[in-house]
Amino acid sequence: MWWFQQGLSVLPVALVVWSAASFVFSYITAIVLRHVDPLVPYISDTGTIPPERCLFGIMLNISAFLGTATVYVRYKQVYALNPEKSKIIKLNKIGLTLGLMSCFGLCIIANFQKCILYYIHVVGACLTFGVGAIYMLVQTVLSYLMQPELHSKDVFWIRLTVLLWCCSSIVSMFISSVVLYSGRYGTDLVQKLHWNPQEEGYTAHIISTVSEWSLAFSFLSFFLTYIRDFQKISLRVVVSLHGQTLYNTPQSFVPDEQTLLIAGSI
């Protein structure tokens, strides 16, 4: 059995690989068609013009689905390990809510492009990465509180490092974006896809775009730390029938049927 076939480790692997591919494929398509500049464009700019917009949208929607599944499995795993500790139960529920909100934000990013509905796109980005950073914080705290039941201290320090990387990228992107869109360098920068290095505001633009790519990959890197944890878990679905057929409900007992929802041998 390969390592990614153990338990549900395929979920975080698929999430990270598929999401990274959605950024890279859209970038390559946009560069080949000369829709954006080759030197570090905004990720959103690479998904603005067809056909890369279509590719960007459908791939990120699938990423949102994989993210939802990953967040839910993480919630069930933590709950199974600490069913009676109220503090951990509360943090776990908060983490689930934040994770689902972040995945919903990814759907907004996928379906509302930056150059068409800018403010809705920004709301999606804040949900995905802003709320997502708080989700990372909650999971890092859980990693600290659940030693050694869940994993060793090494995993906690790795998650803390990735969290700090993510937060520094958010701060860098926020400051550079405020400077760039302050009106000092023009008022129609949202629609601008090509930049000249000699233009005013180019440095702030590059800092902002580099920070966005750094933020995206720091966010994805956090889910790589789930791989070892997910190798030790599987989920089952329970089907309870209320009758021998689907058209009547006799009082005779019908046993439950239990099947692996996702088997470890997939």
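Residues are classed by relative accessible area as buried (under 20%), exposed (over 50%) or partly exposed (in between), with a 1.4 Å probe and protein chains only. The structure is a predicted model, in which local features need pLDDT of at least 70 and side-chain atom pairs count only at pLDDT 80 or more, while totals for chains, interfaces and linings use all residues. Residues are numbered from 1 along each chain as its sequence is written, and side-chain values use heavy atoms, with hydrogens and water left out.

Helices are DSSP runs of H or I with at least four residues, numbered from the N terminus. The loop between helix 1 (10-32) and helix 2 (52-81) contains L33, which is partly exposed with a relative accessible area of 40%. Together with V24, F25, I28 and V32, L33 makes a nonpolar surface patch of about 440 Å². Such a patch is made of residues with over 30% relative accessible area and no salt bridge, nonpolar side chains (Val, Leu, Ile, Met, Phe, Trp, Tyr) being joined within 5 Å. A salt bridge here is a side-chain nitrogen of Lys or Arg within 4 Å of a carboxyl oxygen of Asp or Glu.

Backbone geometry was examined next. Most residues other than glycine have a negative phi, and most peptide bonds are trans. In the loop between helix 1 and helix 2 lies R34, whose phi is positive, near 60°; R34 is exposed at 69% relative accessibility. V40 is also placed in the loop between helix 1 and helix 2 and has a positive phi near 45°, but V40 is partly exposed at 23%. The peptide bond from P50 to P51 is cis, with omega near 5°, and P51 lies in the loop between these two helices.

Rings of Phe, Tyr and Trp (its six-membered ring) are paired if their centres lie within 6.5 Å, and the planes are stacked under 30 degrees apart, edge-to-face over 60 and tilted otherwise. The whole structure has 17 aromatic pairs. One of them, Y75 with Y79, is stacked, at 6.5 Å centre to centre and 25° between the planes. Y75 and Y79 are separated by about one helical turn because they are four residues apart in helix 2. The pair of Y118 and Y119 is edge-to-face, since the ring centres are 5.4 Å apart and the planes stand at 70°. Ring pairs also link F129, Y135, F219, F222, F223, Y226 and F230 into a cluster.

Key:
Patch = residues over 30% accessible without salt bridge, like charges linked within 9 Å, V, L, I, M, F, W, Y side chains within 5 Å. Areas by Shrake-Rupley, 256 points an atom, 1.4 Å probe, with all protein chains shown as cover.
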